[in-house]
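Here's a quick briefing for anyone opening this structure for the first time. Have a look at the fold, then read on.

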Amino acid sequence: MGQVRQPRRVQPRDGELGAAVARAQDGDETAFAVAYRIVQPGLLGYLRGLVGDDAEDVASDAWLEIARDLGRFKGDGAGFRGWTAIIARHRALDHLRRQRVRPRAGGTEQDVLDLPGPHSTYDQALESLSTERALALVRGLPQDQAEAVLLRVVVGLDGPAAARVLGKRPGAVRTAAHRGLKRLAHQLGMGGDADEGVTDGASRTLGQSK
């Protein structure tokens, strides 16, 4: 596995994660367990969006590969999250091929929208989309939108990092995430046909557990 450059979206525990990964690469098993506990929830949520109830089995396969190839990783905590997402996605696609199930069809977005600023309701929705109900809704999106939202929200990657996982352009991933959130808001009766962003009401609704 090659080096993953640091994404701009930095998570609160990335410093702790990077330190744990460095110690784990020196053979510290306790540190590897720390890295696992930090990364696993987001990784499992991402895999649930791809393979549903088989997510835990696929995650186990992914962690076996992560542990095996850990010495090859070069980067910090944020980069480690992106690297593990790439491995998990490959294992998920392998699983789908074995099950002879094709991922949901979805058009690849090639155009780049003029997205709202960093403190917009769009980003608020990204941060609040974390409940099981929301994950179930995300699974109903076209594949490109679902993966973009999952990588941005659940795994916590920014556009460039998510694009590396998906093998697409950052603009296409930002567009897919934006459209996926708009579709979710519309399904919940929020946001209507607005051209951009997601309303505050949609943000609050997406963050609620029902």
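Let's start with helix 8 (159–166), whose buried residues pack against helix 2, helix 4, helix 7 and helix 9. Helices here are DSSP runs of H or I with at least four residues, strands are E runs of at least two, and both are numbered from the N terminus. "Buried" is under 20% relative accessible area, "exposed" is over 50%, and "partly exposed" is in between, with a 1.4 Å probe and protein chains only. This is a predicted model: local features need pLDDT of at least 70, side-chain atom pairs count only at pLDDT 80 or more, and totals for chains, interfaces and linings use all residues. Residues are numbered from 1 along each chain as its sequence is written, and side-chain values use heavy atoms, with hydrogens and water left out.

**Helix 8 and the overall fold**
- Helix 8 is mostly covered, with seven of its eight residues buried.
- Those buried residues are Gly159, Pro160, Ala161, Ala162, Ala163, Val165 and Leu166.
- The protein chain has ten helices and zero strands.
- Of the 210 residues in the protein chain, 51% are buried.
- Take the contacts (heavy atoms within 4.5 Å) between residues at least 6 apart in sequence: 70% of them join residues at least 24 apart.

**The nonpolar core**
- A nonpolar core is a set of buried Ala, Val, Leu, Ile, Met, Phe, Trp, Tyr and Cys residues joined through side-chain atoms within 4.5 Å.
- The largest one has 53 residues, and Tyr46, Leu47, Phe80, Leu151 and Leu157 have the most contacts inside it.
- Elements giving two or more residues to this core include helix 1, helix 6 (132–139) and helix 9 (170–187).
- Helix 2 supplies the largest share of this core, eleven residues.

**Helix 4 against helix 7**
- Helix 4 (residues 77–98) and helix 7 (residues 143–155) pack at an angle of about 145°, and their axes are 12 Å apart. The axes are lines fitted to C-alpha atoms, for helices over the stretch in contact, and angles run from 0 to 180 degrees between N-to-C directions.
- On the helix 4 side, Arg81, Ala85 and Arg89 meet Gln143, Glu147, Leu151 and Val155 of helix 7.
- The residues of this contact split into three nonpolar, one polar and three charged. Here Ala, Val, Leu, Ile, Met, Phe, Trp, Tyr, Cys and Pro count as nonpolar, Asp, Glu, Lys and Arg as charged, and the others, Gly among them, as polar.

- Histidine 95 lies in helix 4 and counts as buried because its relative accessibility is 11%.
- Leaving aside neighbours within four places in sequence, histidine 95 is in contact with Val51, Asp54 and Val58.
- Glycine 27 sits in the loop between helix 1 (14–25) and helix 2 (29–51), and it counts as exposed because its relative accessibility is 54%.
- Glycine 27 and glycine 71 are 44 residues apart in sequence, and 9.6 Å apart in space from C-alpha to C-alpha.

- pLDDT is the predictor's confidence in each residue, from 0 to 100. The protein chain averages 75, and 68% of the residues score at least 70.
- Among the elements, helix 3 (residues 55–69) has the highest mean pLDDT (94) and helix 10 (residues 200–206) the lowest (36).
- pLDDT stays under 50 over residues 104–124, and also over residues 192–210.
- Where pLDDT is low, the predicted coordinates should not be read in detail.
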